[in-house]
Amino acid sequence: MISSFLRAARPKQWLKNILVFAAPGAAAVLDDPTELSRALLAFVAFCLAASGTYYWNDLFDIDADRAHPKKSKRPIAAGEIGIGAARVVGTALLFASIGVMALTERWQAVLVISTYIAVTLSYTIVLKHIAVVDLIAVASGFVLRAAGGATAAAVEMSSWFVLCTTFGSLFIVAGKRYAEIRELGDGARHTRSTMHEYSTDYLRVVLTIACGGAVVSYCVWAFERRDMSGSEWPFYELSIVPMLTALLRYALVLDSGDGAAPEDVFASDRVLQVLGLIWIVVFGMAVYTA
């Protein structure tokens with residue numbers, strides 16, 4: 001029974017919440033124990049919030065999930081967890097997330113995670129049924145994660161950083177829809193109400209725009225950070241290389257027919273993992289050699 005509740009919380013999805021460390025890391029405050037602890041609290045809060053919204057998403061999607069070859073095995077759809085118990089656990093997780101975020105003593109951070117919960121629940125109930133809006137709603141969740149970490153650690157987010165996060169998130173979300181259509185074909189429309197409105201050609205356009213926007217905004221942000229730091233070392237500029245390579249690698253994964261579950265791609269693709277490690281090292285050197 002406990003394993004069913006844990007699976008319904010989707011711990012593999014918690015990987016997305018690493019984004020809370022992006023802004024504090026770029027601002028070089030993660031070596032401060034106080035700000036690091038606040039960033040960690042933000043991470044835990046978003047894990048709880050995400051799991052809570054997944055419970056409610058599965059409650060609202062129970063019929064559609066039962067028609068899906070993979071989602072039908074989810075604990076709520078499979079009947080392993082009762083509807084009443086799922087409602088209680090889902091609600092408790094959402095309130096717990098706000099409580100944990102309040103421990104950061106930053107009201108802005110509490111506002112961000114409350115907005116995240118509101119947007120995610122709105123997506124579950126209404127927004128996912130509106131084509132294009134559903135893509136933006138999911139992508140905004142990633143941006144709010146980054147904003148949550150920034151507000152928890154009381155650091156500013158550059159406009160170019162926000163744009164890079166926005167376009168990068170849209171790239172991942174559009175890629176997921178693209179992979180779902182290629183994987184399920186006509187059956188995809190039975191799992192998401194908006195899927196019949198998307199075509200692979202349209203999603204390729206979205207992917208191209210999102211990838212281009214992510215690359216340009218990251219490049220501008222990297223040069224902006226270099227100028228602000230006054231460093232003579234080219235690490236900020238060099239960080240563009242693994243970032244661009246990772247985007248192109250992920251585009252190749254999508255083109256090969258994978259990507260319906262981005263978390264599985266990142267957990268299994270060794271090239272993406274190495275590129276991520278290289279980016280962390282190079283960007284870390286940029287931040288701490290300035």
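Is proline 11 buried, partly exposed or exposed? Proline 11 is partly exposed, because its relative accessible area is 32%. Here buried means under 20% relative accessible area, exposed means over 50%, and partly exposed lies in between (1.4 Å probe, protein chains only). The model is predicted, so local features need pLDDT of at least 70 and side-chain atom pairs count only at pLDDT 80 or more, while totals for chains, interfaces and linings use all residues. Residues are numbered from 1 along each chain as its sequence is written, and side-chain values use heavy atoms, with hydrogens and water left out.

Proline 11 is found in the loop between H1 and H2. Helices are DSSP runs (H or I, at least four residues), numbered from the N terminus. In sequence, proline 11 and cysteine 47 are 36 residues apart. In space, their C-alpha atoms are 7.9 Å apart. Asparagine 17 also has its place in the loop between helix H1 (2–8) and helix H2 (22–26). Asparagine 17 counts as buried, because its relative accessibility is 0%. Contact means heavy atoms within 4.5 Å. Setting aside residues up to four places away in sequence, asparagine 17 touches Phe43, Phe46, Cys47 and Arg145.

Two loop residues have a positive phi without being glycine. Alanine 28 has a phi near 60 degrees. Alanine 28 lies in the loop between H2 and H3. With 26% relative accessibility, alanine 28 counts as partly exposed. Valine 132 has a positive phi of about 75 degrees and is not a glycine. Valine 132 lies in the loop between helix H6 (107–125) and helix H7 (133–152). Valine 132 is partly exposed, at a relative accessible area of 37%.

Helix H3 (residues 33–60) packs against helix H5 (residues 83–102). Their axes are 8 Å apart, and the packing angle is about 155 degrees. Axes are lines fitted to C-alpha atoms, for helices over the stretch in contact, and angles run from 0 to 180 degrees between N-to-C directions. H3 and H5 are therefore roughly antiparallel to each other. Angles over 145 degrees count as roughly antiparallel, under 35 as roughly parallel, 65 to 115 as roughly perpendicular and the rest as oblique. H3 passes H5 in a left-handed crossing. A crossing is left-handed if the near helix is turned anticlockwise from the far one by less than a right angle, and right-handed if clockwise. The contact of H3 with H5 has 18 nonpolar, 6 polar and 1 charged residues. Ala, Val, Leu, Ile, Met, Phe, Trp, Tyr, Cys and Pro count as nonpolar, Asp, Glu, Lys and Arg as charged, and the others, Gly among them, as polar.

H3 also meets H7. Their axes come within 8 Å and cross at roughly 145 degrees. This crossing is right-handed. Glu35, Arg38, Ala42, Phe46 and Ala50 in H3 meet Leu144, Arg145, Gly148 and Ala152 in H7. The residues of this contact divide into 5 nonpolar, 1 polar and 3 charged. Phe46 and Arg145 are also among the residues touched by asparagine 17.

Helix H11 (residues 240–255) has 16 residues. From first C-alpha to last, H11 reaches 23 Å, close to the expected 22 Å. The expected span is 1.5 Å times one less than the number of residues. The buried residues of H11 are Ile240, Pro242, Met243, Leu247, Tyr250, Val253 and Leu254. An α-helix has 3.6 residues a turn, so residues three or four places apart point the same way. Just after H11, glycine 257 takes a positive phi of about 105 degrees.

H11 packs against helix H13 (residues 270–288) at an angle of about 160 degrees, with axes 9 Å apart. That makes H11 roughly antiparallel to H13. H11 passes H13 in a left-handed crossing. H11 contributes Pro242, Met243, Thr245, Ala246, Arg249 and Tyr250 to the contact, and H13 contributes Val271, Leu272, Leu275, Ile278 and Trp279. By class, the contact residues are 9 nonpolar, 1 polar and 1 charged.

Phenylalanine 171 lies in helix H8 (residues 159–184). At 3% relative accessibility, phenylalanine 171 counts as buried. Neighbours within four places in sequence aside, phenylalanine 171 is in contact with Leu207, Ala210, Cys211, Leu247, Tyr250, Ala251 and Leu254. Phenylalanine 171 and leucine 247 are 76 residues apart in sequence and 8.8 Å apart in space, C-alpha to C-alpha.
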